[in-house]
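Here is a short briefing to read beside the model. Please keep the sequence and the 3D view open as you go.

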Amino acid sequence: MLRRTPSIEVKHEKQAHTAEVQPDAHAFDVYGDEDSAEIKYRTMVWWKAAALMLAETVSLGILSIPSVFASIGMAAGIILVLGLGAIATATGYLIGLFKLRYPHVHNMADAGEILAGPIGREILGAAQVIFMIFVCGSHVLTGLIAFDTITAGASCSVLWSAVTAIICLVLTIPRTLNGISYMSVVSFISIISAVLITMIGVGVAGHKGGVTAKADLNFASAFLAVTDIIFAYAGHVGFFTFIAEMKEPKDFAKALYMLQIADTTLYLIVGIVVYSFAGPTTVSPALGNTGPILRRISYGVALPTIIIAGVINGHVCAKLVFIRIFRRKGVHSRHMTTHSWTGWLTWIAICFAIWILAFVIAEVIPFFNDLLGVISAIFASWFTYGISGIFWFHLTPREERWTTWRQKLKTIFWSGIIMMGGFIMVAGLYASINSIIDGYRSGGFPHPFTCMNMGL
């Protein structure tokens with residue numbers, strides 16, 4: 001009689017439990033025993049983790065969705081939002097399983113070490129830091145656009161960029177994600193209110209043109225629009241860090257489902273409504289589709305989410321560097337969990353460096369949005385999609401991959417996810433680089449550190 005193979009989920013949970021009972025250098029909870037710690041990290045309940053994930057993912061992603069619908073058509077837009085959202089749910093769930101199997105994993109660098117040793121740690125660690133600094137830069141740039149829109153360009157745009165970076169720096173300083181989770185609730189209310197104002201505004205203004213079910217675009221233009229949807233689901237890069245600070249890591253699935261249901265629903269509603277009324281004149285960010293007064297109000301209401309979502313990304317990036325400095329071979333320094341001068345000064349210095357770099361790259365690089373597309377193509381394609389397929393193959397022994405029809409389907413599916421990550425990277429690079437070339441040809445890029453009004 002053939003013996004049934006236990007499901008991968010049950011097997012991984014049993015392995016995770018064993019790792020907690022018999023800890024060693026490779027099965028070490030990130031922050032160790034916190035009973036006597038002055039700073040306790042593992043304090044988040046699942047809904048707070050969900051709020052953080054919503055704030056991190058939805059804030060800027062939702063603002064580009066209507067213009068995507070305008071570029072590729074209503075039908076393709078809806079299919080891609082639903083399809084990529086469903087796949088992002090599966091890949092996010094796999095990240096949760098990987099974390100349960102290896103409790104000491106705190107970030108992509110730790111996962112890289114499990115997959116490929118020290119080389120994997122350095123490559124994935126550097127990739128996560130670079131990607132998240134560029135995401136922080138996008139929040140600095142969006143904050144600048146918001147302030148310029150609200151004030152009608154009353155001051156030099158570099159000033160508003162600096163103001164955004166300074167506010168983000170100050171709010172990044174709390175050492176635990178639990179302290180930031182309350183801000184994430186404000187962020188979610190902020191973005192919901194802003195898009196509601198925008199949808200009401202475009203509705204009152206009336207239809208400005210017809211909508212199309214499909215669009216006739218060349219490959220580069222179409223895929224550049226698709227990368228905006230991919231970026232809208234690109235919160236996976238911070239999932240390991242969020243799980244590491246949850247009271248019960250096994251509750252991560254609840255937070256993930258709440259995130260994916262909420263963001264997919266919001267993307268569909270905002271994309272369909274705004275595009276239906278704004279038509280071919282739809283612009284990105286979505287808040288720019290109303291009249292001047294409502295546009296200023298929308299950006300004023302959206303300021304908290306623009307800043308707080310940047311804070312969350314900056315915090316996750318800083319935490320990776322902080323853990324790397326104060327954790328060696330599974331043993332953490334006392335500076336991680338105490339209010340020592342060394343711990344606090346190191347933490348503040350890391351946060352300062354991140355936001356200085358975010359400010360500089362947002363101001364110096366004239367084609368920053370297109371360069372962010374390049375960075376997203378290289379990294380988000382793997383962090384959100386491809387790498388979860390690699391995790392699955394690592395977690396599933398070779399002899400179990402083709403045992404049953406269900407396992408065969410899983411093997412085919414996760415193989416496809418890896419290929420999908422590679423395709424998104426190559427196609428996204430082509431589309432983004434092509435956009436940069438077109439921008440230079442048309443002279444559409446501003447000068448570095450320009451004081452020109454960047455408002456909409």
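Arginine 175 places its charged end over the ring of tryptophan 344, 4.7 Å from the ring centre. A charge counts as sitting over a ring when NZ of Lys or CZ of Arg is within 6 Å of the ring centre and within 35 degrees of the ring normal. This is a predicted model, in which local features need pLDDT of at least 70 and side-chain atom pairs count only at pLDDT 80 or more, while totals for chains, interfaces and linings use all residues. Residues are numbered from 1 along each chain as its sequence is written, and side-chain values use heavy atoms, with hydrogens and water left out.

**Charge over a ring**
- Arginine 101 lies over the face of tyrosine 102, at 4.6 Å from the ring centre.

**Aromatic pairs**
- The model has 14 aromatic pairs, where rings of Phe, Tyr and Trp (its six-membered ring) pair if their centres lie within 6.5 Å, and planes under 30 degrees apart count as stacked, over 60 as edge-to-face and the rest as tilted.
- Phenylalanine 223 and phenylalanine 423 are an edge-to-face pair, because their ring centres are 5.6 Å apart and their planes stand at 90°.
- This pair links distant parts of the chain, 200 residues apart: phenylalanine 223 is in helix α7 (residues 219–232) and phenylalanine 423 in helix α13 (residues 405–442). Helices here are DSSP runs (H or I, at least four residues), numbered from the N terminus.
- Phenylalanine 223 is buried at 8% relative accessibility, whereas phenylalanine 423, at 47%, is partly exposed. Buried means under 20% relative accessible area, exposed over 50%, and partly exposed in between (1.4 Å probe, protein chains only).
- Tryptophan 392 and phenylalanine 393 also pair edge-to-face, with 5.1 Å centre to centre and 90° between the planes.
- Tryptophan 392 is buried at 2% relative accessibility, and phenylalanine 393 is buried at 19%.
- Phe98, Tyr102, Phe240 and Phe391 are linked into a cluster by ring pairs.

**Around isoleucine 197**
- Isoleucine 197 is in helix α6 (residues 177–205), and its relative accessible area of 21% makes it partly exposed.
- Leaving out residues up to four places away in sequence, isoleucine 197 touches Leu294, Ile297, Ser298 and Val301; contact means heavy atoms within 4.5 Å.
- The C-alpha atoms of isoleucine 197 and leucine 287 are separated by 8.6 Å, although these residues are 90 apart along the chain.

**Around isoleucine 356**
- Isoleucine 356 belongs to helix α11 (residues 341–364) and is partly exposed at 39% relative accessibility.

Key:
Helix = DSSP H or I, 4+ residues; strand = E, 2+ residues; numbered from the N terminus.
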